[in-house]
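Hi there,

Here is the structure I promised to pass on. Have a look at it first, and then read on for what turned up.

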Amino acid sequence: MINYNFFKNKRILVTGHTGFKGSWLVAWLNLLGCKVMGISLNSNGEKNHFKILKKDLKIIDRRGDIRNFGYLKKHIKKFKPDIVFHLAAQAIVSTSYKYPKKTIETNVLGTLNLLSVLAELKHKCVAVLITSDKCYKNIEVSRGYKETDQLGGDDFYSSSKASAELIIN
């Protein structure tokens, strides 16, 4: 049984808050009475779920790059989160072929930056770090992947997520 009162008044950081999953998470956290800060890149101007909801959300909306350690440190230390949900990523496999360096930097260095900042906090903070099922080597099985499956992948996105998993571990 989930104790929804646990979340009331908690300070929660969501990286990648403007993405599809991040925007739904922020909406849910608002319903639970959380104080939410989001860190994401500026959007490309397309209409998306976050833009549709933004006027109804209570959020400290920060736009910055998780590859920038100083930026993360400044905003996270000031906000003092109780919980962090890390969803920020370059999440498109086809984009990883076009921009492999940016994909690796965002998904690996961005995760490392976040963990490094959290390690410096003077208070307890729970972190929920999201990667992808693409972090597992594609072995063409019909079942879902398990955490005991081999990490890997044949594209930059998959390898960046497998690397992030190793850094998280």
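A pocket here is an open set of grid points where a 1.4 Å probe fits, with protein on both sides within 12 Å along at least five of seven lines. Please keep in mind that the model is predicted.

By that definition, the largest pocket holds about 1000 Å³ of space. Its lining is made up of 34 residues, and T18, G19, A89, Q90 and A91 are the ones nearest the centre. At least two lining residues come from each of α1 (20-31), β2 (35-40), α5 (100-120) and α6 (156-168). The top contributor is α1, with three residues. Sorted by class, the lining of the largest pocket has 16 polar, 12 nonpolar and six charged residues.

The second largest pocket has a volume of about 200 Å³. Around it you will find T131, S132, C135, Y136, E147, D149, L151, E165, L166 and N169. Four of the residues in this lining are nonpolar, three are polar and three are charged.

Now to the backbone. Most residues other than glycine have a negative phi, but two residues are worth a look here. K80 is not a glycine, yet its phi is positive, at about 55°. You can find K80 in the loop between α3 (69-79) and β4 (83-86), and K80 is exposed, with a relative accessible area of 51%. E140 also has a positive phi, near 55°. E140 sits in the loop between β5 (126-129) and α6, and its relative accessibility of 66% makes it exposed.

Enjoy exploring it!

How values were computed: Residues are numbered from 1 along each chain as its sequence is written. This is a predicted model: local features need pLDDT of at least 70, side-chain atom pairs count only at pLDDT 80 or more; totals for chains, interfaces and linings use all residues. Side-chain values use heavy atoms; hydrogens and water are left out. On a 1 Å grid over the protein atoms alone, a cavity is a set of points where a 1.4 Å probe fits but cannot get out, and a pocket is an open set with protein on both sides within 12 Å along at least five of seven lines; lining residues have an atom within 4 Å of a point. Grid points are joined across faces, edges and corners, and a volume is the space filled by probe spheres set on the points. Helices (H or I, at least four residues) and strands (E, at least two) are DSSP runs, numbered from the N terminus. Ala, Val, Leu, Ile, Met, Phe, Trp, Tyr, Cys and Pro count as nonpolar, Asp, Glu, Lys and Arg as charged, and the others, Gly among them, as polar. Buried means under 20% relative accessible area, exposed over 50%, partly exposed in between (1.4 Å probe, protein chains only).
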